Amino acid sequence: HSSLAPLRYLFGPGPSNVPPRVLAAGGRPIIGHLHPEMYEIMNDIKKGIQYAFQTKNNMTIAMSGSGHTAMECAVFNTVEPGESVVVAVNGIWGERVAEIAERMGKTDNRMGLCPSVQTLAKHKPVLFFLTHGESSAGLVHPVDGIGDICLRHNCLFLVDSVASLGGAPLFMDEQKIDILYTGSQKALNAPPGTAPISFNERACKKMFNRKTKPVSYLLDMTHLSNYWGCDGKTARIYHHTGPVSGFFSLRESLSILAEKGLENSWRQHKEVAEYLWKGLEDLGLKLFIKDKDLRLPCVTTISIPQGYNWRELLTYIMKHHQMEMTGGLGPSVGMVLRVGLMGYNCNKANADLALAALADALKVCPKSKA
């Protein structure tokens with residue numbers, strides 16, 4: 001039934017449209033998840049992630065699951081019961097990590113955006129979490145210098161780059177990020193369902209010298225590091241069945257990024273975003289993040305225009321333009337419309353399509369008298 005999976009412009013915060021090369025890769029015949037060819041594909045994925053993250057970390061793998069799986073993996077493996085976690089909450093993702101920590105019985109300390117030395121000194125956390133690309137707010141958070149503060153307070157620096165990887169500059173090793181993860185379905189342009197993650201030596205030391213086992217068996221890095229051939233052992237023992245087609249697709253999307261070059265990808269996202277911002281302002285729309293330097297190039301948040309019902313606007317755009325844009329998420333619900341142009345979707349022609357759809361909706365949708 002083609003009607004069940006129609007062709008749509010996915011110009012929301014993800015998943016994004018997938019290029020033909022990645023679709024074709026995912027359509028290859030299935031092989032066993034422990035076949036030697038699969039190990040080669042996994043090795044290629046590891047190299048691709050190391051390039052995308054700008055890291056030399058050996059402990060670099062892709063999780064079987066969405067970015068959320070990587071988030072839980074990072075927290076479950078590094079934090080033990082009773083240990084403290086400090087979370088920068090700049091949107092829904094910080095809220096999620098805070099809740100995951102709470103469910104483990106942690107003292108959870110939510111705070112504003114930057115880790116103050118006082119907070120770290122007072123709570124002595126083992127982990128400090130920050131969302132680099134906060135897709136619910138359309139915000140990209142500065143990372144420079146935070147790794148140094150965490151290092152001084154013997155605290156691991158965990159960064160979520162699900163919405164920003166490939167779209168905004170990030171240097172894992174240089175910026176002293178101890179644990180970094182992302183998802184496959186945004187600027188990487190693979191189908192949802194795989195999530196690259198990397199741990200440096202400092203994180204591994206904490207993770208592999210625990211007194212208690214992680215609460216999750218599936219996400220236990222002692223097993224996953226063996227599955228990915230990162231633990232130095234010759235034999236890989238069965239742990240779980242990875243998403244074989246997902247790994248085919250992820251490898252292809254990482255090779256596309258490597259061919260294009262990270263710098264080119266960052267520049268393209270910045271140029272197209274600036275073009276889109278200007279077009280939105282020309283339509284009389286206001287951007288939610290006032291400071292240009294803090295705007296996430298991958299996902300643009302627009303303040304809901306006065307007098308309009310945001311759900312009506314989005315429904316109209318989907319119905320008449322086959323185009324997905326979305327409302328807010330978590331704290332930003334009812335405040336913003338979100339337009340994402342990532343990876344394969346990131347070009348001026350698509351920005352023009354998005355602007356035309358918005359202009360049409362603003363003209364046709366009824367405005368309230370208030």
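## Helix packing and marked residues in a predicted model

Helix α2 (residues 36-53) packs against helix α9 (residues 244-260) at an angle of about 40°, and their axes are 9 Å apart. That angle makes α2 oblique to α9. Angles under 35 degrees count as roughly parallel, over 145 as roughly antiparallel, 65 to 115 as roughly perpendicular, and the rest as oblique. The axes are lines fitted to C-alpha atoms, for helices over the stretch in contact, and angles run from 0 to 180 degrees between N-to-C directions.

This is a predicted model, in which local features need pLDDT of at least 70, side-chain atom pairs count only at pLDDT 80 or more, and totals for chains, interfaces and linings use all residues. Residues are numbered from 1 along each chain as its sequence is written, and side-chain values use heavy atoms, with hydrogens and water left out. Helices (H or I, at least four residues) and strands (E, at least two) are DSSP runs, numbered from the N terminus.

### Two helix pairs

Two packed helices are described by the angle between their axes and the distance between the axes. Start with the α2 and α9 pair. Here α2 passes α9 in a left-handed crossing. A crossing is left-handed if the near helix is turned anticlockwise from the far one by less than a right angle, and right-handed if clockwise.

Which residues of α2 meet α9? From α2 come M38, I41, D44, I45, G48, I49, Y51 and A52. They meet V244, F247, F248, L250, R251, L254, L257 and A258 in α9. By class, this contact of α2 with α9 has 13 nonpolar, 1 polar and 2 charged residues. Ala, Val, Leu, Ile, Met, Phe, Trp, Tyr, Cys and Pro count as nonpolar; Asp, Glu, Lys and Arg count as charged; the others, Gly among them, count as polar. Contact means heavy atoms within 4.5 Å.

Now take the second pair. Helix α10 (residues 262-282) and helix α12 (residues 348-364) pack at an angle of about 20°, with axes 10 Å apart. So α10 is roughly parallel to α12. Their crossing is right-handed. On the α10 side, the contact is made by V272, Y275, L276, G279 and L280. On the α12 side, K348, A351, D352, L355 and L358 take part. Sorted by class, the contact of α10 with α12 has 7 nonpolar, 1 polar and 2 charged residues.

### Residues marked in UniProt

Two residues carry annotations from unreviewed UniProt entries. UniProt positions are given in the numbering used here, feature names are shortened, and annotations may be inferred rather than shown by experiment.

The UniProt annotation "modified residue: N6-(pyridoxal phosphate)lysine" (unreviewed entry) covers K186. K186 sits in the loop between β9 (179-181) and β10 (194-199). Is K186 buried or exposed? K186 is buried, because its relative accessible area is 9%. Buried means under 20% relative accessible area, exposed over 50%, and partly exposed in between (1.4 Å probe, protein chains only). Leaving out residues up to four places away in sequence, K186 touches P13, G14, S16, S135, V162, A163 and M342.

G14 also takes part in a cis peptide bond. The bond from G14 to P15 has omega near 0°. P15 lies in the loop between β1 (9-10) and α1 (20-26).

UniProt places the feature "binding site" (unreviewed entry) at R338. R338 is found in strand β14 (residues 336-340). With 5% relative accessibility, R338 counts as buried.

### Positive phi and exposure

N189 has a positive phi, near 60°, and is a residue other than glycine. N189 is found in the loop between β9 and β10. Q322 is not a glycine either, yet its phi is positive at about 50°. Q322 belongs to the loop between α11 (310-321) and β12 (323-324).

How exposed are these and two further residues? The table gives the values.

| Residue | Relative accessible area | Class |
|---|---|---|
| N189 | 6% | buried |
| Q322 | 38% | partly exposed |
| N154 | 62% | exposed |
| L23 | 55% | exposed |

N154 lies in the loop between α6 (146-152) and β8 (156-160). Not counting residues up to four places away in sequence, N154 touches P125 and R202. N154 and E201 are 47 residues apart in sequence, and 13 Å apart in space, C-alpha to C-alpha.

L23 lies in helix α1. L23 and R96 are 73 residues apart along the chain, and their C-alpha atoms are separated by 31 Å.
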